[in-house]
Amino acid sequence: MSHHSHETTLAALGVTEPGQVALLFAQLLAQANADLEAAHSADTFEKFRVDWFGRKSGVLTLVGDNWLKPASQELKPAVGQELNKFKAQLEARMEARRAAIESGAPEASGAKDRVDLSLPGVRRPVGSRHLIRQVFEEIEDIFVSIGFSVVEGPEIETPYYNFEALNIPEYHPVRDDMDTFYVEAAVSSGPGTPAGSLLLRTHTSPVQIRTMERQEPPVRVIVPGKVYRRDNPDATHSFMFHQIEGLAVDTDITFCDFTGTIQYFVKQYFGPSVETRFRPSYFPFTEPSVEFDVSCIFCGGTGVAANGATCGKCKGSCWIELFGAGMVDPAVYGFVNYDAKKLSGFAFGMGMDRLAMLKYGIDDIQAFFQNDVRFLRQFP
Ligand code: DAH
């Protein structure tokens with residue numbers, strides 16, 4: 001309290017007209033409000049109450065004694081009215097303040113507790129693309145730069161696209177590796193597909209067929225995507241993983257175009273010092289079929305690790321197996337009405353996860369799927 005107008009009479013304050021009374025009470029209310037605002041706890045609130053409403057020497061008692069009682073006839077009604085209004089207003093504000101203090105509302109706490117808007121906020125970390133996604137794009141860029149386009153296909157496939165049209169008839173033994181997750185379908189999804197037999201594709205190769213059905217040669221596509229196998233999870237196996245398929249078909253594509261393309265890719269991806277070789281292999285949809293290897297990227301193709309011991313990655317063989325490929329089997333052209341006499345081409349199917357693991361030194365494929373941020377953050 002800094003003003004003490006209530007300790008003296010209106011006459012002494014020079015108030016002679018009713019109009020001045022209202023002003024006086026307005027000043028008193030401003031003072032009361034300031035005191036009330038300063039009350040932030042039950043203790044300071046109680047002091048405020050005693051200061052203003054205390055029976056013996058509270059401000060209100062003194063106002064009654066000094067202003068009202070001795071007031072002149074002309075002023076008394078105005079003083080009485082203003083005093084009642086003042087009391088009612090102050091009581092209402094006090095109640096609100098009391099409630100705020102009791103509920104611990106922020107407006108009741110002191111300036112030191114108020115929210116400081118200049119403090120740094122809570123940082124929400126921005127994620128990054130998953131390493132698999134990054135490697136997909138890396139590989140796509142390499143192939144796009146030499147004239148391939150990127151296409152995709154469905155993950156739920158018909159046995160026709162996944163097997164038959166790739167020259168894998170129903171009882172062919174290579175299905176053993178792949179016979180896998182079948183999906184119940186109420187209706188047939190297309191010609192040659194009985195109702196009830198769809199499957200999660202076991203490789204991206206069916207998109208070769210879908211692409212050739214859709215377009216005339218020449219074809220140059222790569223197909224990134226997820227595939228599914230009935231493999232038990234371990235450091236190198238997962239029931240879901242990623243492949244990139246490649247297909248090039250034209251009127252005069254030779255085995256040299258094929259190996260040249262693969263060599264170009266491998267050097268772009270792993271670096272210029274990496275060598276490639278191929279070994280004979282077998283896939284029903286390529287003839288001849290090969291398996292591509294790269295010179296071991298861990299020991300530089302020497303078979304000897306930095307510490308002089310046998311390289312643990314290639315087991316001293318100097319080579320690391322990379323992926324399957326081959327010249328498209330003419331039988332496949334028969335399924336898509338391409339002229340096998342005029343056309344030739346090559347195809348390949350690479351395990352993306354494996355390519356990423358080799359390049360980035362990851363020794364457990366499961367790390368890709370666990371979404372542990374300590375792993376993910378290493379590839380921002
Ligand atoms: N589809 C094969 C697999 O998943 C990989 C493959 C091999 C794809 C040879 C090809 C290829 O296109 O020509 O095991």
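How far does a polar side-chain atom of Q208 lie from an oxygen atom of the ligand? Hi everyone, let's start there: the distance is 3.0 Å. Taken alone, the ligand exposes 350 Å², and the protein buries 92% of that (Shrake-Rupley areas, 1.4 Å probe).

A word on the source. This is a predicted model, where local features need pLDDT of at least 70 and side-chain atom pairs count only at pLDDT 80 or more, while totals for chains, interfaces and linings use all residues. Residues are numbered from 1 along each chain as its sequence is written, and side-chain values use heavy atoms, with hydrogens and water left out.

Now, Q208 sits in helix α9, residues 206-214; helices here are DSSP H or I runs of at least four residues, numbered, like strands, from the N terminus. Which residues of α9 are buried? They are P206, V207, Q208, I209, T211 and M212, where buried means under 20% relative accessible area with a 1.4 Å probe, protein chains only. These residues pack against several elements, among them β5 (219-228), β6 (240-250) and β10 (344-351), with contact meaning heavy atoms within 4.5 Å. Thanks, all!

Methods: Buried means under 20% relative accessible area, exposed over 50%, partly exposed in between (1.4 Å probe, protein chains only). Helices (H or I, at least four residues) and strands (E, at least two) are DSSP runs, numbered from the N terminus. A polar contact is a pair of N or O atoms within 3.5 Å; within protein, one must be able to donate a hydrogen and the other to accept it, and residues adjacent in sequence count only if both atoms are side-chain atoms.
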